[in-house]
Amino acid sequence: MSNAAYIYIIFSLLIVLVFELATLLRYRALRQRQRDMRLQKSYIQQIVKMLCNEEFSLITPSPDTLRDRMVLIEALHTVLSHTYGAELNILHELVGRYNLDGFLLRQIRHSRGLRQAHYIVLLSTTPTHRPAIPLLSRYCHSKNREKSIAALLAILALRPSTAISAIVLFPHRLRPLDISRIITLLRRGILPIAYEPLLASDNTNLRMLGLAIVRNFGIEIADKELQNIIVASSDERVVREALYTLSALGRPLGRAKIRIRLSTMEASYRRELCRHLTREGYSLAALRTIFSPAEVAHSATLLKSYKRNLEWHPTLNT
């Protein structure tokens with residue numbers, strides 16, 4: 001047998017061996033994921049049962065391995081992310097019994113990037129008495145944006161009394177997704193914040209959060225504050241958000257000061273706002289009070305394309 005043929009056979013065998021090994025590893029990983037999913041489901045059921053009975057009980061099977069402990073933390077996160085008014089004493093006992101917070105803090109310190117951000121998010125729903133805030137405050141100022149927003153959410157959940165100052169010191173602009181995650185904390189009753197001081201603040205992040213609170217909770221009495229923001233704010237992003245918030249509440253937009261402010265905005269944004277108001281159900285007569293005939297004409301075409309009857313026609317002037 002020639003050397004070339006011998007090398008070819010060896011190379012072919014190596015390829016087959018590598019393929020078989022990769023298949024085996026994928027199969028084992030799949031089996032492990034399936035096992036973790038079954039275990040997490042069991043843990044979720046036990047945690048819910050504890051909360052319903054208001055009594056702590058040992059978790060079975062006991063999370064003795066690092067992997068099982070992480071599965072339990074994920075299960076706890078799943079339950080608390082969808083729970084309002086959970087009994088924290090029971091959960092503190094659960095976390096302390098299996099040292100979940102200490103384990104999670106070690107994972108945060110010894111990991112990097114998105115994995116570290118994920119661990120920080122898990123910490124935000126893990127009741128702990130450990131001094132985690134100094135560590136999280138440091139991560140809040142990370143150049144990694146995912147890590148910094150995860151740290152902010154954890155601080156808001158673990159120490160809600162410092163929410164305003166934490167958001168003021170946050171070095172990044174909050175994105176819509178970030179704000180929606182903060183709103184989730186409010187809905188769970190973890191973060192009691194009044195909207196009035198947020199709307200009156202000079203901090204853009206606080207104002208954007210205040211607008212989101214008004215919009216999500218349908219606070220119609222904030223009408224005057226929203227109009228003041230539209231008229232007086234120098235931040236176009238905040239002004240646009242206030243306009244969308246007013247329209248979501250079905251409030252008037254045709255007052256003189258608002259019309260003047262709209263007249264100074266870019267034509268592309270005015271067309272976008274006109275289309276948005278059309279989708280919100282504002283009548284063509286109302287739209288004509290603040291938009292040009294060309295802008296309203298496009299919205300009229302859009303309105304006629306809707307396969308529904310508009311039964312609600314908020315006015316822009318009242």
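Me: At what angle do helix α6 and helix α7 pack, and how far apart are their axes?
Reply: Helix α6 (residues 133-140) and helix α7 (residues 145-158) pack at about 145 degrees, and 7 Å separates their axes. The axes are lines fitted to C-alpha atoms, for helices over the stretch in contact, and the angle between N-to-C directions can run from 0 to 180 degrees. This is a predicted model, in which local features need pLDDT of at least 70 and side-chain atom pairs pLDDT 80 or more, while totals for chains, interfaces and linings use all residues. Residues are numbered from 1 along each chain as its sequence is written, and side-chain values use heavy atoms, without hydrogens and water.

Me: Which hand does the crossing of α6 and α7 have?
Reply: The crossing is left-handed. That word applies if the near helix is turned anticlockwise from the far one by less than a right angle; clockwise would be right-handed.

Me: Which residues make the contact?
Reply: From α6 come Ile133, Leu136, Ser137, Tyr139 and Cys140. Helix α7 supplies Lys147, Ser148, Ala151, Leu152, Ala154, Ile155 and Leu158. Contact means heavy atoms within 4.5 Å.

Me: Why is the pair of Tyr244 and Tyr269 called edge-to-face?
Reply: The structure holds 1 aromatic pair. The ring centres of Tyr244 and Tyr269 are 6.2 Å apart and the planes stand at 85 degrees, so the pair is edge-to-face. The rule for rings of Phe, Tyr and Trp (its six-membered ring) asks for centres within 6.5 Å; planes under 30 degrees apart are stacked, over 60 edge-to-face, the rest tilted.

Me: Where in the chain are Tyr244 and Tyr269?
Reply: Tyr244 belongs to helix α13 (residues 236-248) and Tyr269 to helix α15 (residues 267-280), 25 residues apart, and the pair links distant parts of the chain. Both tyrosines are buried.

Me: How does the reach of α15 compare with the expected one?
Reply: Its 14 residues reach 20 Å from first C-alpha to last, close to the 20 Å expected. The expected span is 1.5 Å times one less than the number of residues. Just after α15, Gly281 has a positive phi of about 105 degrees.

Me: Is Gln46 buried or exposed, and how do you know?
Reply: Its relative accessible area is 17%, so Gln46 is buried. Buried means under 20%, exposed over 50%, and partly exposed in between (1.4 Å probe, protein chains only). Gln46 lies in helix α1 (residues 3-53).

Me: What are Glu54, Asn99 and Leu199 called on that scale?
Reply: Glu54 has 59%, so this residue is exposed. Asn99 has 24% and is therefore partly exposed. Leu199 has 3%, so it is buried.

Me: What is the phi of Glu54, and of Asn99?
Reply: Phi is near 55 degrees in Glu54, positive in a residue other than glycine. For Asn99, not a glycine, phi is also positive, about 50 degrees.

Me: What makes Arg187 count as sitting over the ring of Phe217?
Reply: The charged end of Arg187 is 4.7 Å from the ring centre. The term requires NZ of Lys or CZ of Arg within 6 Å of that centre and within 35 degrees of the ring normal. Arg97 also lies over a ring, the face of Tyr98, at 5.2 Å from the centre.

Note on methods. Helices (H or I, at least four residues) and strands (E, at least two) are DSSP runs, numbered from the N terminus.
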